[in-house]
Amino acid sequence: MVSPGLVGNAVMALIYGNLALAIIIPAVYVASPGLRRYIQALTAVAVLAFLLAAIATVYHVFAYGNLTVANNMIVHDKLSSVMLLGAALAAALAYIQAYYKAEEWPTHPGYYGLLPLTFFGTFFLMGSLSPLLILASWLVLSVATYIIAGLPGDRDSVAAAVRYIYVGTLATLFIAVWIAAFYTGLRPPLALEALAVVAIMASIGFKLGAFPFHWWVPNVYGRADGRAIAIVAGVAKLAFLGILVRLVYTLSGGLTPFEADALALLIAASAVATMTLGNVSALNTGDLRAMLAYSSIAQTGYLLVGMVAVANLMSAGLNPSIALAGIGLQAVAYAVAKAPLFSLAAETGGRVKGILRGDWVSAVSVAVLLASLLGVPPLVGFWGKLYMFLPATSYSSILVLLALVNSGVSSVYYIRFLRDALDEAEEPPRISEESRYVLVLAALITTIIGLAAPLIVNSFF
């Protein structure tokens, strides 16, 4: 058996290799025109390194315990390692799908150079324990994704990137308030503690698109090129989600009963509003990009239900492992499905009618991904929702009932999309070979992880 120290060193070597590639790729492009044709291959190495680092992290955590690196400032546990794997899988799928198209972007060297930096920031943010390291990795990841969103160069992508920068700036200001309130070396008064908690929840709420900070999502996810949004929604979002789960887990164990109830109620109210608004809005659009954007809001709402379960179990002194496992599985289901679907939406220009007509392989693959997001067994999305909603009943059966009703509502627009995609069309958009392969691969990953999900959940205990 491989020693845990060797695995940890290998993980850090792969992650720092991504940081090195983030510097090397732009340098190669600028310094040596003759070597520019190799930057795609170098980026592929970065994607592979990130995927291997995620797999090695999962192996270390489940075989030996938490992975602790960087002088104990980075700790990856079972939940963060599973979410890291989901982000790495989404990154690989998104890169394959954008491999040829990204080369046509006027600023494509930036895309190839910023992807490794995004992976580096994702790894550090998901596992950060130090507030200053959280802020540093938050800024690295945020700035990288701001630029990636606008790199395609079309008017909509640039406009979406500007909106994303604006929202990100607000979120960063809120997280700065949190750090200032808790880490000035003084014990803050109760009012300042409450302000700090609200500030950090607001900052991450902005990044996740949770109500009432959701308003930017349709204008960014629904307008920018989906191949760029696949990285923002499939990779970066999981890093911010990981920080929120860790925050809820840490806070809930040390609060008074009144404070714990207030925190759980705050998250529950946001969950209901987020998933309801996302699903109702998705019902009223026929554009694939807009539907995916609104459904991303709804998926955030489901994940918040899992966090309510975590907060409630922790405040009661109970083991929240089942809820944490559900959040991890749902995050993987979201990332693996959304990355290829956003890229597909970019390829078709948001058009739906006829895109899967005559292409049964892509049609079946898309149906599997949507079924996973809907929560159809035995796909991974089913297990994610099951293990999030089941422990949430100990907090409120009404909350879980509303979540189930919302899942039912989402089936309407998912089924409508499949129906329209299989209809006749005079000039249906064509799906590239890369997209077809990625859709099939994503469907297989979704199915395989779904079949293994009960074993994964058992290993959380």
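These legends describe close-up views of a pocket and of salt bridges in a predicted model. Local features need pLDDT of at least 70, side-chain atom pairs count only at pLDDT 80 or more, and totals for chains, interfaces and linings use all residues. Residues are numbered from 1 along each chain as its sequence is written, and side-chain values use heavy atoms, with hydrogens and water left out.

**View A. Lining of the second largest pocket.** Nineteen residues line this pocket, with Asp77, Leu79, Arg246, Tyr249 and Leu324 nearest its centre. A pocket is an open set of points on a 1 Å grid over the protein atoms alone, where a 1.4 Å probe fits, with protein on both sides within 12 Å along at least five of seven lines; lining residues have an atom within 4 Å of a point. H9 contributes five residues, the most to the lining.

**View B. Salt bridge between Arg246 and Asp77.** The N to O distance is 3.6 Å; a salt bridge is a side-chain nitrogen of Lys or Arg within 4 Å of a carboxyl oxygen of Asp or Glu. Arg246 is buried at 15% relative accessible area, and Asp77 is partly exposed at 25%. Buried means under 20% relative accessible area, exposed over 50%, and partly exposed in between (1.4 Å probe, protein chains only).

**View C. Salt bridge between Asp225 and Arg227.** The side chains meet at 3.1 Å, N to O. Asp225 is buried at 14% relative accessibility, and Arg227 is buried at 6%.

**View D. Salt bridge between Glu433 and Arg436.** The closest N and O atoms are 2.7 Å apart. Glu433 is partly exposed at 40% relative accessibility, whereas Arg436 is buried at 19%.

Conventions. Helix = DSSP H or I, 4+ residues; strand = E, 2+ residues; numbered from the N terminus.
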